[in-house]
Amino acid sequence: ISGSCPGPFAITDLAPPNINQNEVAVPISGTGSGTVTGIFQVNLPLVTAAGVTISGTTMTVAGSVTGGALILVLALVTEAFVIFGALVTVYNYSSFRLLQPPFSLSQTAVASVFALYVFGFFSSSLVGALSRRFSRPALLRVGLLSMALGVGLTSTTWLPVIIVGIGFVTVGFFATQSVASSWLGLHAKTATSQASALYLFVYYMGASTMGSIGGFFWDAYRYT
């Protein structure tokens with residue numbers, strides 16, 4: 001999460017011109033992230049959980065649901081991997097693209113793109129309200145289509161359309177994640193905590209894996 005925040009971009013604009021901007025941004029961002037992590041670690045409650053493994057958690061979840069429900073749970077977990085990976089990839093490499101010609105935006109201007117996250121917060125609330133009137137599969141499809149449309153819009157060369165595209169990806173992501181996470185709990189009734197743990201593990205694995213793999217495609221193809 002800290003790697004996707006606007007902080008490093010904004011910090012670089014504060015660096016003196018004779019100093020490598022990355023030499024300023026990386027230590028400050030890293031120190032801040034490490035400090036927050038340390039505070040979180042110190043304040044964690046003491047819990048003893050021996051023998052907790054991903055495979056064991058997966059088996060527990062699989063044992064609590066059967067048939068079509070199990071397929072649905074696995075599909076939602078897979079979807080979590082894809083959507084968060086797509087969001088992180090779009091934000092990471094759109095930032096690099098906007099820093100380069102023909103856009104040549106400043107670090108601060110690129111960082112301001114992350115303000116689009118605000119629309120995502122509203123989309124989560126809106127989907128929660130709409131779930132009383134529309135089915136979860138329908139809302140999930142709308143969210144995924146929004147993300148796909150947004151990714152397509154970012155491939156253009158017109159800056160306003162690119163920004164709108166990133167907005168669509170953001171809104172679609174938060175809507176989809178809201179529907180998927182709530183839907184998961186309904187089908188893993190006797191292993192809700194394990195299902196949530198598995199979902200979040202795969203969710204963040206998607207961000208780290210696809211976010212990194214996207215870099216190889218960025219190096220090879222850019223947005224051409």
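How many residues line the second largest pocket, and which of them lie nearest its centre?

Mentor: Thirteen is the count in words: the second largest pocket is lined by 13 residues, and Thr89, Tyr93, Gly214, Phe217 and Tyr223 lie nearest its centre. The model is a predicted one, in which local features need pLDDT of at least 70 and side-chain atom pairs count only at pLDDT 80 or more, while totals for chains, interfaces and linings use all residues. Residues are numbered from 1 along each chain as its sequence is written, and side-chain values use heavy atoms, with hydrogens and water left out.

The pocket has a volume of about 300 Å³. On a 1 Å grid over the protein atoms alone, a pocket is an open set of points with protein on both sides within 12 Å along at least five of seven lines, a cavity is a set where a 1.4 Å probe fits but cannot get out, and lining residues have an atom within 4 Å of a point. Points are joined across faces, edges and corners, and the volume is the space filled by probe spheres set on them. Helices α4 and α9 each supply at least two residues of the pocket lining, and α9 gives the most, with five residues. Helices (H or I, at least four residues) and strands (E, at least two) are DSSP runs numbered from the N terminus.

Just after α9, Arg222 takes a positive phi of about 55 degrees.

Helix α4, the other contributor to the pocket lining named above, also gives the largest share of the lining of the largest cavity, five residues. The structure holds one cavity of 30 Å³ or more, and about 30 Å³ of space lies in the largest cavity. Its lining consists of Val90, Tyr91, Ser94, Ser95, Leu98, Val110, Val113, Phe114 and Ile166.

Leaving aside residues up to four places away in sequence, Tyr91 touches Val113, Phe114, Leu116, Tyr117, Ile166 and Thr170, where contact means heavy atoms within 4.5 Å. Thr170 has its place in helix α8 and is buried, with a relative accessible area of 0%.

Phe84, Tyr91, Phe114, Tyr117, Phe121, Phe173, Phe174, Tyr199, Tyr203 and Tyr204 are linked by ring pairs into a cluster. Rings of Phe, Tyr and Trp (its six-membered ring) pair if their centres lie within 6.5 Å, and planes under 30 degrees apart count as stacked, over 60 as edge-to-face and the rest as tilted. A search of the whole structure finds 16 aromatic pairs. In one of them, the rings of Tyr117 and Phe174 have their centres 5.8 Å apart and their planes at 80 degrees, so the pair is edge-to-face. Because Tyr117 lies in helix α6 (residues 117-130) and Phe174 in helix α8 (residues 159-187), this pair ties together parts that are 57 residues apart in sequence. Tyr117 is partly exposed at 23% relative accessible area, whereas Phe174 is buried at 14%. Phe174 also forms an edge-to-face pair with Phe173, 5.1 Å centre to centre and with 80 degrees between the planes. Phe173 counts as buried at 2% relative accessibility.

The protein chain as a whole comes to nine helices and zero strands. Of its 224 residues, 35% count as buried.

Methods
Buried means under 20% relative accessible area, exposed over 50%, partly exposed in between (1.4 Å probe, protein chains only).
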